[in-house]
Amino acid sequence: MQKTSIILAAVAMFGLAGCLEGDVERGVAGAGAGLVAAEVLGTDRTGTILAGAAAGVLCDDAGINGCR
């Protein structure tokens, strides 16, 4: 049950990341999603947070429609 709640929170956070206007806002949301993903997957927190933040900052530069 707890894993389901964490996964739903991560999905919601990724979905809302497209509504954010600036790179900093998307980076913070990506870092938060990375932390949730690290807890669910049991991976290294620092690396997963940095990957999430980078994905949030660079998603509009990659041409992803939800990030514009």
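A salt bridge is a side-chain nitrogen of Lys or Arg within 4 Å of a carboxyl oxygen of Asp or Glu. The structure holds two of them. The model shown here is predicted.

**Figure 1. Overview of the protein chain.** The chain has three helices and zero strands. Read from the N terminus, the order of elements is α-α-α. Of the 68 residues, 25% are buried. The accessible surface is about 4,400 Å². Carbon and sulfur atoms supply 68% of that surface. Among contacts with a separation of 6 or more, 40% join residues 24 or more positions apart.

**Figure 2. The salt bridge between D23 and R26.** Here the closest N and O atoms are 2.6 Å apart. Both residues belong to helix 2, which spans residues 23–41. They sit three residues apart, so about one helical turn separates them. The two partners differ in cover. D23 is partly exposed, with a relative accessible area of 35%. R26 has a relative accessibility of 3% and counts as buried, because the cut-off for buried is under 20%.

**Figure 3. The salt bridge between E39 and R45.** Side chains of opposite charge can pair when their charged atoms come close. In this view, the side chains of E39 and R45 meet at 2.6 Å, N to O. E39 is partly exposed, at 41% relative accessibility. R45 is also partly exposed, and its relative accessible area is 48%.

**Figure 4. T48 and its surroundings.** T48 is found in helix 3. Its side chain makes a polar contact with the side chain of T43, at 2.9 Å. Neighbours within four places in sequence are set aside for the next list. Beyond them, T48 is in contact with G34, A37, A38 and T43. Is T48 buried or exposed? Its relative accessibility is 18%, so T48 counts as buried; the cut-off is under 20%.

**Figure 5. L58 and R26.** L58 lies in helix 3, which covers residues 45–58. R26, the partner of D23 in a salt bridge, is 32 residues away from L58 along the chain. How far apart are the C-alpha atoms of L58 and R26? The separation is 8.7 Å. L58 has a relative accessible area of 48%, so this residue is partly exposed. R26, in contrast, is buried, at 3% relative accessibility.

Technical notes:
Residues are numbered from 1 along each chain as its sequence is written. This is a predicted model: local features need pLDDT of at least 70, side-chain atom pairs count only at pLDDT 80 or more; totals for chains, interfaces and linings use all residues. Side-chain values use heavy atoms; hydrogens and water are left out. Helices (H or I, at least four residues) and strands (E, at least two) are DSSP runs, numbered from the N terminus. Buried means under 20% relative accessible area, exposed over 50%, partly exposed in between (1.4 Å probe, protein chains only). Contact means heavy atoms within 4.5 Å. Accessible areas come from the Shrake-Rupley method with a 1.4 Å probe; for residues, only the protein chains shown count as cover. A polar contact is a pair of N or O atoms within 3.5 Å; within protein, one must be able to donate a hydrogen and the other to accept it, and residues adjacent in sequence count only if both atoms are side-chain atoms.
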